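Here is a short tour to read with the structure open beside you.

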Amino acid sequence: MNRVSARALDEAIAWQLCLGSGEASEQQRQDFARWLAAHPEHGLVWRRLGGIDQQLAAATPAPARRALLQGGQRRRSLRRLGGNALALLLASGIALALLAQQRPLGDYLADYRTAAGEQRDLLLADRSQIRLNSRSALDVAFDDDERRLVLLSGEILIQTAKGDARPFVVETAQGRLRALGTRFLVRRDGDATELIVLQSAVAARPLSAAQERVIQSGEQVRMDSRHLGDSSLAPIGADAWSRGMLVADNLPLQRLIDQLGEYRSGYLGLDPSLAGLRISGSFPLHDSDKALAALPPSLPVRIEQIGPWWTRVVPAEK
């Protein structure tokens, strides 16, 4: 896992703002070249920030991007605030520019990540298979003692390989999941982690807990940093997203809209008055317009849309 220090990230962001302003002096360019050559970590974080800048350039109108990277006296004042303030500035700019994607800055520094509507398959060094769902970010850290994944955001489907004695674990901000020769799903959902075991079993332990609990095949559980919830039956078709479908079985409409939103660029919302509605059926994830069009025949709703970037499900007109 190629992680970078907070200090290197702060310094790289400061250099990006400086050089991107178009007003860098020759001395500043020479100082940057020396910084870049001073440590391999500097080159790594600079290349990764370059990828972020490409995302920003593609998603932001030119005037808005110039306002972020330029700004005359404001920029000079911000430099005096130091690296941490510059990091917050760039993170805020990216968050505004990529509002539809709602990605934290850390996602862009992950070993592997997916964009909205994208899925990605990984074959790890031990032959384990991973599929990343839309808008997911994952770090991989294998060493002599364990095989470890760190799920930063989104959802992954895991099929662990046999024949490797090292423990296979998945870590999130909420705790640790230890595979017991299995196939399972892990999803980050706000301040919680959701686990669905499809085969065999997984031992789950919240971050602040001393004991782990084994979750069996066909069960799901929700975990925060202090507590592991009660186990319940896994939903039907929990891994259908890996085949491009969303299977809803009496699913709250808000949850359906949230999941479809992971596959769209732009805003997709639900009128609060419809939050109590539930839906069943199968919906294509990679054609969310078609999925939304299937709602009005079975529910008292209509689709309100303004251009390709703003869509809302609202009550049907009476």
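Leu195 stands opposite Val221 in S13. In this predicted model, strand S10 (residues 192–199) and strand S13 (residues 219–223) pair in the antiparallel sense over four bridges. Strands, and helices too, are DSSP runs numbered from the N terminus (E, at least two residues, for a strand; H or I, at least four, for a helix), and two strands pair if DSSP finds at least two bridges between them.

A word on reading the numbers: residues are numbered from 1 along each chain as its sequence is written, and side-chain values use heavy atoms, with hydrogens and water left out. Because the model is predicted, local features need pLDDT of at least 70 and side-chain atom pairs count only at pLDDT 80 or more, while totals for chains, interfaces and linings use all residues.

**The open sheet**

- S10 and S13 belong to an open sheet of seven strands, in the order S2-S3-S6-S9-S10-S13-S14, with antiparallel pairing.
- Strand S2 (120–123) and strand S14 (232–233) are at the edges with a single partner strand each, so one side of each has no neighbour in the sheet.

- Strand S1 (residues 112–113) runs antiparallel to S4, and two bridges join them.
- Within that pairing, Tyr112 stands opposite Leu138 in S4.
- S4 and S5 are also antiparallel, joined by six bridges, and Ala141 stands opposite Arg148 in S5.
- A hairpin of four residues takes the chain from S4 to S5.
- S4 is mostly covered, with five of its six residues buried; buried means under 20% relative accessible area, exposed means over 50%, and partly exposed is in between (1.4 Å probe, protein chains only).

**Salt bridges**

- The structure holds 20 salt bridges, each defined as a side-chain nitrogen of Lys or Arg within 4 Å of a carboxyl oxygen of Asp or Glu.
- Arg147 and Asp126 meet through their side chains in one of them, at 2.5 Å from N to O. Arg147 lies in strand S5 (residues 147–153) and Asp126 in the loop between S2 and strand S3 (129–132), so this pair ties together parts 21 residues apart in sequence.
- Glu146 and Arg176 form another salt bridge, at 2.8 Å from N to O. Glu146 is in the loop between strand S4 (137–142) and S5, and Arg176 is in strand S8 (residues 175–179), so the pair links distant parts of the chain, 30 residues apart.
- In this pair, Glu146 is buried at 16% relative accessibility, whereas Arg176 is partly exposed at 24%.
- Arg187 and Glu155 meet in a salt bridge at 3.4 Å, N to O. Arg187 sits in strand S9 (residues 183–189) and Glu155 in strand S6 (residues 155–159), parts of the chain that are 32 residues apart.
- Arg187 and Glu155 are both buried.
- Salt bridges with shared partners join Asp126, Arg147, Asp164 and Arg166 into one network.

**The largest nonpolar core**

- What makes a nonpolar core? It is a set of buried Ala, Val, Leu, Ile, Met, Phe, Trp, Tyr and Cys residues joined through side-chain atoms within 4.5 Å.
- The largest one has 25 residues, and those with the most contacts inside it are Leu253, Leu256, Ile257, Leu260, Ile279, Leu295 and Val313.
- At least two residues of this core come from each of strand S15 (245–252), helix H7 (253–261), strand S16 (267–270), strand S17 (278–284) and helix H8 (288–293).
- Which element gives the most to this core? Helix H7 does, with four residues.

**Helix H2**

- Leu36 has its place in helix H2 (residues 26–38) and is partly exposed, with a relative accessible area of 31%.
- Leu36 and Trp15 are 21 residues apart along the chain, and their C-alpha atoms are separated by 9.9 Å.
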